[in-house]
Amino acid sequence: MNRYKKITYLSFITILVLLACSNDDGNIITPSNTDPTPISPPVATDYTITSILSKFEGTGLSYEISGENVIFTSQGLPNHTSPYWPEENALHTEYQGTNPNWRQNPNTIAAQNIVLTIPLKPKEATNHEATPLGPIGISRNGVVFYNQYAGPDEPLTREINSFDKWLGHPQMRGQYHYHIEPTYLTTTFGDSAFLGLLADGFPVYGPLENGERITNTDLDVYHGHTGVTSDFPQGIYHYHITSEDPYINGNGFFGTPGNITQ
């Protein structure tokens, strides 16, 4: 190829390259030295809660791993003061809350024998089960969580007035429990802290996330959502405590609950 033909051929190739790098308006696109916006890594879907178990500590509370489950055994005794403790107990105190309509129910805190078998690798259920009356999960101090009802389809409207300073109370067999925010835990560990597990294995967190207060509109019908937490940097589905009904859990468990005996 002579010199003239070689120059013509190279010019032709250059034009083709420039056309290929132009946009639809015919303008030449020059390379940018700025890296493209990084794509966020996908949130994990293979959840494992083993790392969170060391945060459980309370009076009469223990756990063991058995196969694909963690088995909690709890006496259900709060590690904080309450007027519901028997008077001879060192944690007994008069009501110190701020509810002007407070009235003490006739029950007294008593040791229980609650066993919760919870999956270590929770996943979304195909059919979402309704939460039962009674225990639906366990807080990190061994006190059980109850759902948003005082009885079958009966809201907590009046029962809330019997909650102690830390927003718990015992039922007639002496089983102390939280229906709403366990303020002893959020006061001790923070409003964004891990508070416990529901029976399906998914964690419960406080009312604050990334410095913002969570409301029901931020959550799905089960009262949770998927995202990164301080304990699960790869992300996990988790429930949040809010100040409005249903408080802890909504329209059933997100995952498949394990077994609870008492």
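Residues 24 or more positions apart make up 63% of the contacts (heavy atoms within 4.5 Å) in the protein chain that have a separation of 6 or more. The model is predicted, so local features need pLDDT of at least 70 and side-chain atom pairs count only at pLDDT 80 or more, while totals for chains, interfaces and linings use all residues. Numbering starts from 1 along each chain as its sequence is written, and side-chain values use heavy atoms, with hydrogens and water left out.

**Whole chain**
- The protein chain has 2 helices and 16 strands, taken as DSSP runs (helices H or I, at least four residues; strands E, at least two) and numbered from the N terminus.
- Of its 262 residues, 44% count as buried; buried means under 20% relative accessible area, exposed over 50%, and partly exposed in between, with a 1.4 Å probe and protein chains only.

**Nonpolar core**
- The largest nonpolar core has 47 residues, and Phe72 and Tyr239 have the most contacts inside it.
- Such a core is a set of buried Ala, Val, Leu, Ile, Met, Phe, Trp, Tyr and Cys residues joined through side-chain atoms within 4.5 Å.
- Elements giving two or more residues to this core include β2 (69–74), β3 (114–119), β10 and β15 (236–240).
- β10 provides the largest share, 4 residues.

**Aromatic rings**
- The whole structure holds 13 aromatic pairs, where rings of Phe, Tyr and Trp (its six-membered ring) have centres within 6.5 Å; planes under 30 degrees apart are stacked, over 60 edge-to-face and the rest tilted.
- Phe56 and Phe72 form a tilted pair, 4.7 Å centre to centre with 50° between the planes.
- This pair links distant parts of the chain, 16 residues apart: Phe56 is in the loop between α1 (3–20) and β1 (61–66), and Phe72 is in strand β2.
- Phe72 is buried because its relative accessible area is 0%, and Phe56 counts as buried at 7% relative accessibility.
- Tyr63 and Phe72 also form a tilted pair, 5.8 Å centre to centre with 50° between the planes.
- Tyr63 has 35% relative accessibility and therefore counts as partly exposed.

**Loop residue Ala199**
- Ala199 is in the loop between β10 (194–198) and β11 (203–205).
- With 1% relative accessibility, Ala199 counts as buried.
- Beyond residues up to four places away in sequence, Ala199 touches residues including Thr117, Pro119, Ile136, Phe253 and Ile260.
- Pro119 and Ala199 are 80 residues apart in sequence and 7.9 Å apart in space, C-alpha to C-alpha.
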